[in-house]
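Colleague: I would like to learn how to read a structural model one feature at a time. Could we go through this one together?

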Amino acid sequence: MKKSRLIGIALMVAVVAAVGAYWYIMHGGARNLASEDADYTVNAKDITQEFTTNSERANKKYLEKAVVVTGKVTEVHANQVIIDNSIVCLLSQPDSKIKVNQSIIMKGRVVGFDDFMGEIKLDQCLSI
């Protein structure tokens, strides 16, 4: 009886922790980047090189930080802009002025690196 009760409590704690972690990842980090100063200003090729060379060190440096990235727009899809084929920016709002092959300065929050695809993911992006 005690063993099944402990298993039940442990299972409930695990579910609550998982739901809390999911909520934080999806909603807890939302901030107003438009009014924040950037922690780093980098060229798209340089930050990509940092992540591909040592993703653990780059994650410690950039993860959850506001960055300004400069580069060339290689793709545009609704609320997504890809810079130099390696920086995926999820826009806060669609921006019809952004066109393929234009040089751009984009501000966003680094949310991760996909080492399989070689892409750095930014959210809450806006063109500055």
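Modeller: Begin with a loop: N32 sits in the loop between helix 1 (2–28) and strand 1 (40–43). Bear in mind throughout that this is a predicted model.

Colleague: Is N32 buried, partly exposed or exposed?

Modeller: N32 has a relative accessible area of 48%, so it is partly exposed. Buried would need a value under 20%, and exposed a value over 50%. Sequence distance is a separate matter: N32 and G108 are 76 residues apart along the chain, while their C-alpha atoms are separated by 10.0 Å.

Colleague: What is the order of elements along the whole chain?

Modeller: From the N terminus on, the order is α-β-α-α-β-β-β-β-β. That gives three helices and six strands. Of the 128 residues in the chain, 31% are buried. Among contacts with a separation of 6 or more, 59% are between residues 24 or more positions apart.

Colleague: How do I read a nonpolar core?

Modeller: The general idea is that nonpolar side chains tend to be buried together in soluble globular proteins. In this model the largest nonpolar core has 22 residues, and I83, I87, M106 and L122 have the most contacts inside it. At least two core residues each come from helix 2 (44–53), helix 3 (55–62), strand 2 (66–77), strand 3 (80–83), strand 4 (87–91), strand 5 and strand 6 (119–127). Strand 5 gives the most, with four residues.

Colleague: Take M106 from that list. Where is M106 found, and what does M106 touch?

Modeller: M106 belongs to strand 5, which covers residues 103–114. Its relative accessibility is 0%, and therefore M106 counts as buried. Leaving out residues up to four places away in sequence, M106 touches V67, V68, V69, V81, I83, C89, L91, I98, C125, L126 and S127. For C89, which is 17 residues away along the chain, the C-alpha separation from M106 is 8.1 Å.

Colleague: And which residues is I83 in contact with?

Modeller: With neighbours within four places set aside, I83 contacts A44, V69, G71, K72, T74, C89, I104 and M106.

Colleague: Next, pockets. How is empty space found?

Modeller: Rolling a probe the size of a water molecule over the atoms shows where empty space is left. Here, the second largest pocket has a volume of about 160 Å³. Its lining has 13 residues, and S92, Q93, C125, L126 and S127 lie nearest the centre. Strand 6 gives the most to this lining, with four residues.

Colleague: How many nonpolar, polar and charged residues are in the lining of that second largest pocket?

Modeller: Six are nonpolar, five are polar and two are charged.

Colleague: What about aromatic rings?

Modeller: Searching the whole structure finds three aromatic pairs. One aromatic cluster is formed by Y40, F51, Y62 and F113.

Colleague: Last, backbone angles. Which residues other than glycine have a positive phi?

Modeller: Two examples will do. E64 is not a glycine, yet its phi is positive at about 70°. E64 is found in the loop between helix 3 and strand 2, and its relative accessibility is 31%, so it counts as partly exposed. Q124, also a residue other than glycine, has a positive phi near 55°. Q124 is found in strand 6, and it counts as buried because its relative accessibility is 16%.

Terms used. Residues are numbered from 1 along each chain as its sequence is written. This is a predicted model: local features need pLDDT of at least 70, side-chain atom pairs count only at pLDDT 80 or more; totals for chains, interfaces and linings use all residues. Side-chain values use heavy atoms; hydrogens and water are left out. Buried means under 20% relative accessible area, exposed over 50%, partly exposed in between (1.4 Å probe, protein chains only). Contact means heavy atoms within 4.5 Å. A nonpolar core is a set of buried Ala, Val, Leu, Ile, Met, Phe, Trp, Tyr and Cys residues joined through side-chain atoms within 4.5 Å. On a 1 Å grid over the protein atoms alone, a cavity is a set of points where a 1.4 Å probe fits but cannot get out, and a pocket is an open set with protein on both sides within 12 Å along at least five of seven lines; lining residues have an atom within 4 Å of a point. Grid points are joined across faces, edges and corners, and a volume is the space filled by probe spheres set on the points. Ala, Val, Leu, Ile, Met, Phe, Trp, Tyr, Cys and Pro count as nonpolar, Asp, Glu, Lys and Arg as charged, and the others, Gly among them, as polar. Rings of Phe, Tyr and Trp (its six-membered ring) pair if their centres lie within 6.5 Å; planes under 30 degrees apart count as stacked, over 60 as edge-to-face and the rest as tilted.
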